[in-house]
Amino acid sequence: MPVEVAFGVLSLFTLAGGVIAVGSRNMFRAALGLMLSLIGVAGLFLLQNAQFLAAVQVLIFAGGIAVLIVYAVALLEKPGEPLEAVFGKLVPVAALTGAVVSGMVIAGILKAAESSSPPAAVPARFIGQVFLNHLLVPFEALSLLLLSALVGALLVARGSGEDKH
Amino acid sequence: MLGPMAYAVVAALLFGLGIFGALARRHAVAVLISIELMLTAVALNFVSFSRLHPAQEGLTGQVAGQAFAIFLIAVAAAETIVALALVFSLYRSLKTASLDRFSILKW
Amino acid sequence: MGENFFISLKSQLADIALAWLPASWQPMISAILVSCAVMAFAPLTMMFLTWFERKAVGRFQDRYGPNRVGPFGIFQPLADGVKMAQKEDIIPEGADRLLHHLAPALVVVPAFLMFIFVPFGRDMVAADLDTGLLFFLAASGLSAPLIISGGWAPRNKFSVLGGLRAAAQMLAYAIPMALSVVAVVMATGSLSISAVVEAQARLGYWYVLTPWGAFAFVIFFLCTVAEAKRTPFDMPEAESELVAGFHTEYSGLKFAMFFMAEFTGSYAACMFAASLFLGGWIGPEFLPSWLILQVKAMALFFVMVWFRGTIPRFRTDQLLALAWKFLFPMSVLVLVATGAWYFLRMDSGIAAIIWPFLSLTLAWWGLSVVLAHEFIRANRPRRADNAG
């Protein structure tokens, strides 16, 4: 019983955060809705006993990516600019697409067999061993990806080099 | 009652919300937020379905699901960095972050 | 007040509650009781800490500190609370009203969360997770976007800048903090904080007494002082900079919330540092284990107050240079030294202590020289005809 209550509350947070993130006119509230959604998903990870993943989710997604997005929103706002319509011409198409895709997925899920195995905890040690033994090449490729993303972002964001100070 | 299917339903709804946001919003960072929602939904799916396997050492089901979710989170971070750098660069030349104005390359 | 005072209190309260509720609710009742205890502990601690800080800073400045409101001014925090509560709540006209009300309340949440993962004593962890250490780091990094929102909500240019600076500082110092904690994880083999304390009990010495542990502790402590935005790293919120930074436009209890987040966050980090490096609740047998941890944490908090009373504030670029150009390479070297320590101990003897200590000291001095050179170069007075 308490597990179902916790699941309901966390899913509510996640979906409410998602609705705020995509539906809010105010960009800042959208960014905070994203953060709420990410923390809700971290809670759902915790409910399934994926503790390491929940910690990584909060640490990187909510403590890193959400900060970047909030930074971008704070820096990109122009003072005194009237709130332009944040929704473009594709709203009905987008709503239809979103509803169709999630409907198809949910229909596929409900048709499949229902199984409620109790969650068993995966120690972080197993994940580390997998990264260093079996998935070593993807792991190193990931660090290379992050390095190139950093360098690329710095180069792109610096501009073409003219110093108009 | 709480099998992986319940979590998969939540993930599917989140994914649908992300698709709606990515297609309907005009602000570049709002589209980025929707993409992050979609990625999070996929990570939730990975972890929920990997739960069907027992937790063993080595590259078995549950550990593989969580390892892939970690990859996903790291790749999402890299993609956010690059996307925000692009948005800033565009903002500097076009003075706006609205996607409707990013249409200079017309034929 | 024996060793198991709080544990027996909690089980008695849980038994009373379970007389009415089905037995399957037992974990939830236990969780609720522990959360209430943490929620009560955090503000009480903050009250005591504000009194302690004001007295100590007063003594550093050759004056008494508050001494009127009670014996030794002990009721001064109560007076402060009443004063803050009766202030007018001013919201700027163009501000985002919802965020202005919400941001101060949200900022204390990560600070309170940090108390859940620290073992207060033997078997006294609020949430004994296997990855508690990582959750602590996650909770301390969670307040960065909330501080930017707090700075943005009043729609004031200076507040936004203060919030952005604060978040940049928190992100920069989170990385050496995480890396120095990884050194402890390498030594223990587990991510659980109670496992770290028990490993120190088993080994017989505290981690701070090893060469890598000493440096990791210093790096970790400096990073927590910076994360909590205390002096000398309090540029984002200092009263003469950017008109008080990200909490300029908040009055009364909202301002008190930001302060509560800072104090409780720094005290939770002191408890965490005491658990990881100073042995936590390990101590002499005649004292209860929870008292030993509080004594160690108060000693670390006193060092934080000592910093505040002694060291002048760093400029923002000096702050960030210290994090990225000094603490971050130093923490990577500490990681290498930790690994080397565990290999060299095979040989045993004094060489296993001398070599890592010497090399880390040399690295520290080398990096300090580089950083000092950079500071001097940045502060050099510019000539009038120098372009840019």
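## Confidence in chain B

The model is predicted, and chain B has an average pLDDT of 85, with 96% of its residues scoring at least 70. Within chain B, helix α2 (residues 28-50) has the highest confidence, at 91, whereas helix α1 (residues 4-24) has the lowest, at a mean of 88. Where pLDDT is low, predicted coordinates should not be read in detail.

## Make-up of chain A

Chain A contains six helices and zero strands. Its order along the sequence is therefore written α-α-α-α-α-α. Of the 165 residues in chain A, 36% are buried. Among the contacts in chain A that join residues at least 6 apart in sequence, 52% link residues at least 24 apart.

The domain assignment divides chain A into domain 1, covering 1-77, and domain 2, covering 123-165. The C-alpha centres of domain 1 and domain 2 of chain A are 23 Å apart.

## Packing of α2 and α3 in chain A

Two packed helices are described by the angle between their axes and the distance between the axes. For α2(A) and α3(A), the angle is about 175° and the axes are 8 Å apart. Because an angle over 145 degrees counts as roughly antiparallel, α2(A) is placed in that class relative to α3(A). On the side of α2(A), the contact includes Met27(A), Phe28(A), Leu38(A) and Phe45(A). On the side of α3(A), the residues taking part include Gln51(A), Gln57(A), Phe61(A) and Val73(A). By class, this contact has 20 nonpolar residues, two polar residues and no charged residues.

The loop between α2 and α3 of chain A holds Asn49(A). Although Asn49(A) is a residue other than glycine, its phi is positive, near 65°. Asn49(A) counts as partly exposed because it has 18 C-beta neighbours inside 10 Å.

## How the chains meet

The contact between chains A and B takes 78 residues from chain A and 67 residues from chain B. On the side of chain B that touches chain A, the elements giving two or more residues are α1, α2 and α3 (61-94) of chain B. The most comes from α3(B), with 24 residues. By class, the residues on this side of chain B are 48 nonpolar, twelve polar and seven charged.

In the other contact, 23 residues of chain A meet 26 residues of chain C. Both α2 (27-47) and α3 (51-76) of chain A supply at least two residues each to the side of chain A that touches chain C. The largest share of that side is the twelve residues from α3(A). The residues on this side of chain A comprise 18 nonpolar, four polar and one charged.

## A loop residue of chain B

Ala55(B) is placed in the loop between α2 and α3 of chain B. With 19 C-beta neighbours inside 10 Å, Ala55(B) counts as partly exposed, since a residue is buried if 20 or more other C-beta atoms lie within that distance.

Leaving aside residues up to four places away in sequence, Ala55(B) touches residues of both chains. From chain A these are Ala120(A), Ala121(A), Val122(A) and Phe126(A), and from chain B they are Gln62(B) and Val63(B). Ala55(B) and Ala67(B) are twelve residues apart along the chain, and their C-alpha atoms are separated by 12 Å.

## Features of chain C

Helix α5 (residues 132-141) of chain C is mostly covered, with ten of its ten residues buried. The buried residues of α5(C) include Gly132(C), Leu133(C), Phe135(C), Phe136(C), Ser140(C) and Gly141(C).

Phe72(C) lies in the loop between α2 (26-60) and α3 (76-85) of chain C. Its phi is positive, about 60°, although Phe72(C) is not a glycine. Phe72(C) is partly exposed, because 14 other C-beta atoms lie within 10 Å.

Methods: Residues are numbered from 1 along each chain as its sequence is written. Chains are lettered from A and ligands numbered from 1 in the order in which they are written. This is a predicted model: local features need pLDDT of at least 70, side-chain atom pairs count only at pLDDT 80 or more; totals for chains, interfaces and linings use all residues. Domain bounds come from an automatic or database domain assignment. pLDDT is the predictor's confidence in each residue, from 0 to 100. Helices (H or I, at least four residues) and strands (E, at least two) are DSSP runs, numbered from the N terminus. Two residues are in contact if their C-beta atoms, placed from the backbone, lie within 7 Å. Ala, Val, Leu, Ile, Met, Phe, Trp, Tyr, Cys and Pro count as nonpolar, Asp, Glu, Lys and Arg as charged, and the others, Gly among them, as polar. A residue is buried if 20 or more other C-beta atoms lie within 10 Å of its own, exposed if 12 or fewer, and partly exposed in between; C-beta atoms are placed from the backbone. Axes are lines fitted to C-alpha atoms, for helices over the stretch in contact, and angles run from 0 to 180 degrees between N-to-C directions. Angles under 35 degrees count as roughly parallel, over 145 as roughly antiparallel, 65 to 115 as roughly perpendicular and the rest as oblique.
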